[in-house]
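Here are some friendly exercises to work through with the model open beside you. Try each task before you read its solution.

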Amino acid sequence: MRKLNVAFTIGLVLLLVSLFTWGYQLKSGLIVTGMRNPFSWGLYIATFAFFVGIAAGGLIVSSSVYLFNLEQLKPFTRIASLSAFASIMAAAVIILPDLGRVDRIYNLLLHPNFRSPLIWDVIVVSAYTVLTFLSVYFQLLPDWKKEGRGFLNGWTRKLSQEEVESIAARWSRRVAMVGLPVAILIHTITALIFATQASRGWWYTAILPPDFIAVAVASGTALVLVIAILVVGKDGFNQYAGAFNTLARIAASALAVHFFFVAMDILIHWWWGSPEALSTLGLVFKRYGPVYLVEIALPALVMVYFFSEKGGRSAGSLLLGCALLFTGVFAHRLMLMFPAFNQFPLSLSIPGMEIEGWNYPIAVGVFKAGAPVFAGSWPYVPTLFEVAVDLLPFGLALLVISLMVSAYSFLPQIPGRSSSAPGGRP
């Protein structure tokens with residue numbers, strides 16, 4: 001309980017700080033962020049893509065256990081569903097600060113443009129939230145019946161324990177059957193929001209959707225691994241060491257697929273050598289080289305380590321590996337934005353001039369005495385206010401996970417361990 005209280009306190013502090021700062025942003029406008037007209041998506045959208053990927057990966061793990069009868073991972077299906085539910089809530093909430101005028105969101109609902117991938121994302125995120133909730137709900141239902149608690153379970157009062165268990169098992173499998181394709185679809189739609197922008201060469205590739213899925217499986221599995229290790233604790237690590245090693249290998253395999261897609265994408269950009277492609281690669285490897293190094297080096301290190309024999313021997317090494325993986329994946333999400341927005345798509349060819357084209361200047365959206373009104377690039381760096389607001393999804397996810405784990409039975413039953421431990425009730 002002490003560790004759960006610490007997690008709850010941290011989550012609550014993050015949530016309060018972010019809500020207070022968001023209130024200031026609502027009053028002052030998005031001008032308090034580092035974004036401008038040349039750079040309209042930044043830290044908020046990167047964080048959204050980060051959490052959507054984790055959410056998709058979590059339900060992919062949970063659904064795969066049911067559909068492919070992965071016995072070794074069955075003790076962690078509840079944790080996988082919980083991680084997906086908390087992550088999709090986090091992804092949904094960070095969209096709100098990015099909208100600026102969040103009070104006008106009703107226009108998106110009343111006048112949807114179904115040709116826009118943005119409305120596709122609204123639909124799949126909403127559907128995914130319901131599915132992940134149902135996945136957690138039906139898995140916890142037998143425990144609630146036995147213990148006489150829970151919520152939305154009044155309809156089970158006249159049913160026997162055996163009937164409730166049968167219903168829960170049947171519907172858990174049904175949710176898994178629907179959840180697996182929807183989990184893949186939600187991150188595919190998120191990728192299509194980027195990949196359908198033909199004017200952004202860094203995004204405009206068919207590789208982006210399958211690569212998003214690979215990264216989702218890696219990061220989602222890593223979060224399941226982290227929660228499972230922390231919930232099981234030192235007493236249960238050895239008993240479930242095989243399952244932890246399997247989860248680590250799944251994450252490593254997904255990273256291997258991701259690096260294959262990355263290599264193919266870079267190769268094609270370089271091979272044809274168009275001015276736009278070479279300019280983008282220059283941004284990737286020169287201007288944003290340090291961030292790209294983090295994106296590539298940390299997950300590569302984790303992949304090699306998780307494939308090694310020593311990769312799953314201790315809880316500490318697994319937790320460290322997952323932390324490095326999360327850092328690399330978050331850098332990957334940031335690197336979606338940096339090269340794309342600093343490769344301006346509007347250019348003018350000038351007859352008789354040696355230069356092939358001249359970028360149209362773009363208004364930065366703010367006037368300051370002595371400062372340029374137009375820009376040919378934008379040195380985007382998130383402001384302190386932006387970083388504070390961005391704590392919102394992290395605080396919410398931490399609160400949801402800590403509250404659910406402390407209140408309900410997510411801990412696999414370990415022989416000899418007291419069932420009165422948090423999350424370990426029979």
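**Exercise 1: A histidine and its surroundings**

Task: find which residues His269 is in contact with, leaving aside neighbours within four places in sequence.

Solution. Contact means heavy atoms within 4.5 Å. With neighbours within four places in sequence left aside, His269 is in contact with Gly201, Trp202, Ala277 and Leu281. Then look at its side chain, which reaches the backbone oxygen of Asp265 at 2.9 Å. Finally, His269 counts as buried because its relative accessibility is 11%, where buried means under 20% relative accessible area with a 1.4 Å probe, protein chains only.

A word on the source: this is a predicted model, in which local features need pLDDT of at least 70 and side-chain atom pairs count only at pLDDT 80 or more, while totals for chains, interfaces and linings use all residues. Residues are numbered from 1 along each chain as its sequence is written, and side-chain values use heavy atoms, leaving out hydrogens and water.

**Exercise 2: The largest cavity**

Task: describe the lining of the largest cavity.

Solution. On a 1 Å grid over the protein atoms alone, a cavity is a set of points where a 1.4 Å probe fits but cannot get out, and lining residues have an atom within 4 Å of a point. Start with the lining: it has 15 residues, and Trp202, Asp211, Val262, Asp265 and His332 lie nearest the centre of the cavity. Sort the lining residues by type: 10 are nonpolar, 2 polar and 3 charged. Last, ask which helix gives the most: α8, with 4 residues.

Conventions:
1 Å grid on protein atoms, 1.4 Å probe; cavity = no way out; pocket = protein on both sides within 12 Å on 5 of 7 lines; lining within 4 Å. Helix = DSSP H or I, 4+ residues; strand = E, 2+ residues; numbered from the N terminus. Nonpolar A, V, L, I, M, F, W, Y, C, P; charged D, E, K, R; others polar. Buried < 20%, exposed > 50% of the residue type's maximum accessible area, 1.4 Å probe, protein only. Polar contact = N/O pair within 3.5 Å; in protein donor to acceptor, adjacent residues only side chain to side chain.
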